[in-house]
Amino acid sequence: MSKFGTFGDYPKNSLTSAEKALLTAWRSLERYHDDLVLVGGLAVHYLTKRNMTSLPGAVTMDVDFGISMAASGDQYGTIKTDLAGLDFKPDGHRLVRKYDGLNLYLDFLTEDPPSLTGARMVDDVVASVIPGVNRALACRRMVNVKGLDLYGAKQECKVAVADIGPLLVLKLNAFGGPTGRRLPKDAYDVLLAVTGFLDGPPAAVTAFRAEQKAGNTGYECALKSLQKDFSDPNQDGPIRAAEFHPGNAGNRVRIREDVATMGKLLLGI
């Protein structure tokens, strides 16, 4: 289990531990950097402001990488063998490392048009097929990440993070796309990514809409998810995002309204 139903269910050290896993893996996968991009909860964390009064920041226990189908270590080893040397071990289609009482997971996502679902072997790791990953790889921003790795060593890395437009497409599809999980955390992450975006909510809205013209293969499904899940306070997105939020009943009513307002902004209505 690496996703919980409410913010308060996450261990207090989960985000910092996931960041340590990122710093550990990213340094060792240097030759793959052109073919990797950070997505998921950690990407939301790096693209949003800290210490917002109304919304707690991102939480996660996973490190999610978008990866190009063409990624290869050639004669210099493979992703799995490199990460095995860091004690990341296979757990089904995922890689996991135990640290400080937590299971920290590495997940890989790829895109293989016209397929919308399934899994592919990339290098020697299993990657889930997700529309929109190629846009995330093409539209990245470099983020300076400092901290300790899983061995306690200080690290400072320039990490490629999916920019806000492609990230919102991926998050909306994670919630309500063809294989959407309808998890409260994904709905909350959409709200947080827009409301807390470093360049401001209007910039996030503009970037999302630009994904249509950019040819993002996940855009139409993301748009449908907005329409059916995020445009009214009584739809699944607002309700589940509010349940994830740690506030009281009054806060949850406000969160539902905020999510629906955000959904309408993204839809342009």
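Which residues form one aromatic cluster? They are Phe4, Phe7, Tyr10, Tyr188 and Phe244.

## The model

This is a predicted model, where local features need pLDDT of at least 70, side-chain atom pairs count only at pLDDT 80 or more, and totals for chains, interfaces and linings use all residues. Residues are numbered from 1 along each chain as its sequence is written, and side-chain values use heavy atoms, with hydrogens and water left out.

## The whole chain

The protein chain has 10 helices and 9 strands. Both are DSSP runs, numbered from the N terminus: helices are H or I with at least four residues, strands are E with at least two. Along the principal axes, the C-alpha atoms fill a box of roughly 55 × 40 × 30 Å. The radius of gyration is 18 Å, which agrees with the value near 18 Å for a compact globule of 269 residues. That radius is taken over C-alpha atoms, and the globule rule is 2.2 Å times the number of residues to the power 0.38.

Buried residues make up 52% of the 269 residues. Buried means under 20% relative accessible area, exposed means over 50%, and partly exposed lies in between (1.4 Å probe, protein chains only). The accessible surface comes to about 11,500 Å², and 52% of this belongs to carbon and sulfur atoms. Areas come from the Shrake-Rupley method with a 1.4 Å probe; for residues, only the protein chains shown count as cover. Now take contacts (heavy atoms within 4.5 Å). Among those between residues at least 6 apart in sequence, 68% join residues at least 24 apart.

## Helix α9 and its cover

Helix α9 spans residues 236-244. Its buried residues include Gly237, Pro238 and Phe244, along with Ala241 and Ala242. They sit on the same side of α9, because they cover an arc of only 155° around the axis. The arc is that of the directions from the helix axis to the C-beta atoms.

## Aromatic pairs

The whole structure holds 8 aromatic pairs. Rings of Phe, Tyr and Trp (its six-membered ring) pair if their centres lie within 6.5 Å; planes under 30 degrees apart count as stacked, over 60 as edge-to-face and the rest as tilted. Phe7 and Phe244 make an edge-to-face pair, 6.2 Å centre to centre with 80° between the planes. This pair links distant parts of the chain, 237 residues apart: Phe7 lies in the segment before α1 (14-28), and Phe244 in helix α9. Phe244 has a relative accessible area of 1%, so Phe244 is buried.

Phe208 and Tyr219 form a tilted pair, with 5.1 Å between centres and 35° between the planes. Phe208 belongs to helix α7 (residues 201-213) and Tyr219 to helix α8, 11 residues apart. Both are buried: Phe208 is at 0% relative accessibility, and Tyr219 is at 5%.

## A hairpin and a helix residue

Strands β8 (residues 140-148) and β9 (residues 154-162) pair in the antiparallel sense over 9 bridges. Strands pair if DSSP finds at least two bridges between them. Leu148 has Lys154 in β9 as its bridge partner. The two strands form a hairpin with 5 residues between them, and Gly152 in the turn has a positive phi of about 85°.

Asn134 is in helix α4 (residues 133-138). Is Asn134 buried or partly exposed? Asn134 counts as partly exposed, because its relative accessibility is 34%. Beyond its neighbours within four places in sequence, Asn134 is in contact with Glu111 and Pro113. Asn134 and Ile67 are 67 residues apart in sequence, and 8.2 Å apart in space, C-alpha to C-alpha.
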